[in-house]
Amino acid sequence: MSERSGDSRRRVRRRDRHGRGLRGPLAPSHVPIAKSRGERFDDLVLDAVDRLKPRWGKQLATMEFAVEEVPPPAELIDGPARLESDPIPFGRAETAAGSEPAVVVVYRRPLEARARDRDQLGALVSDVIVEQVASLLGLTPETIDPGYDDRH
């Protein structure tokens with residue numbers, strides 16, 4: 001890089017390797033491969049919710065769905081209740097409070113670490129959504145999704 005006398009601006013040089021042109025995105029933005037891992041995970045959550053809408057649309061309309069990277073430290077504390085279940089939670093449900101709607105939160109990283117492939121990840125996300133919705137509605141997961149029992 002060179003500096004002009006009296007001018008501290010630097011020239012920006014873009015990489016043009018072997019005269020093939022400047023580098024750009026590998027895929028157009030509308031192609032699924034162009035989505036980030038987080039965006040693809042969000043799509044799996046939305047797909048799982050959409051599968052429940054025909055039967056539970058009215059109840060789901062009063063809930064919000066969110067994705068967080070990892071559970072907060074308070075949920076990772078060991079105790080007697082944790083010994084009976086997975087040591088790292090995959091999601092949580094928060095009941096409605098006042099004007100705040102009920103919230104289902106899904107944790108992305110623990111689920112991605114557990115899944116072997118995208119199909120298994122989709123099934124895990126669906127199971128977590130079903131379990132959390134069931135806990136909010138006071139029902140069993142099998143009532144929310146009759147196929148849930150077949151997967152377990």
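**View 1. Overall make-up of the predicted protein.** A residue counts as buried when its relative accessible area is under 20%, as exposed when over 50%, and as partly exposed in between, with a 1.4 Å probe and protein chains only. By that rule, 30% of the 152 residues of the protein are buried. This is a predicted model, in which local features need pLDDT of at least 70 and side-chain atom pairs count only at pLDDT 80 or more, while totals for chains, interfaces and linings use all residues. Residues are numbered from 1 along each chain as its sequence is written, and side-chain values use heavy atoms, with hydrogens and water left out. The protein has 6 helices and 3 strands, where helices (H or I, at least four residues) and strands (E, at least two) are DSSP runs numbered from the N terminus. Along the sequence these elements follow the pattern α-β-α-β-β-α-α-α-α.

**View 2. The packing of helices H1 and H4.** Helix H1 (residues 37-60) packs with helix H4 (residues 118-137) at an angle of about 40°, their axes lying 9 Å apart; the axes are lines fitted to C-alpha atoms, for helices over the stretch in contact, and angles run from 0 to 180 degrees between N-to-C directions. H1 and H4 are therefore oblique to each other, since angles under 35 degrees count as roughly parallel, over 145 as roughly antiparallel, 65 to 115 as roughly perpendicular and the rest as oblique. Residues of H1 that meet H4 include Phe41, Leu44, Leu52 and Trp56, and their partners in H4 include Leu121, Val125, Ile129 and Val133, contact meaning heavy atoms within 4.5 Å.

**View 3. Leucine 111 in helix H3.** Leucine 111 belongs to helix H3 (residues 108-114) and, at 0% relative accessibility, counts as buried. Not counting residues up to four places away in sequence, leucine 111 touches Phe41, Phe90, Val106, Leu121, Leu124, Val125 and Val128. Among these, Phe41 of H1 and both Leu121 and Val125 of H4 also take part in the contact between those two helices. The C-alpha atoms of leucine 111 and valine 70 are separated by 9.5 Å, although these residues are 41 apart along the chain.

**View 4. Aspartate 145 in a loop.** Aspartate 145 is placed in the loop between helix H5 (141-144) and helix H6 (148-151), and its 16% relative accessibility is why aspartate 145 counts as buried. Once neighbours within four places in sequence are left aside, aspartate 145 is in contact with Leu52, Val130 and Arg151.
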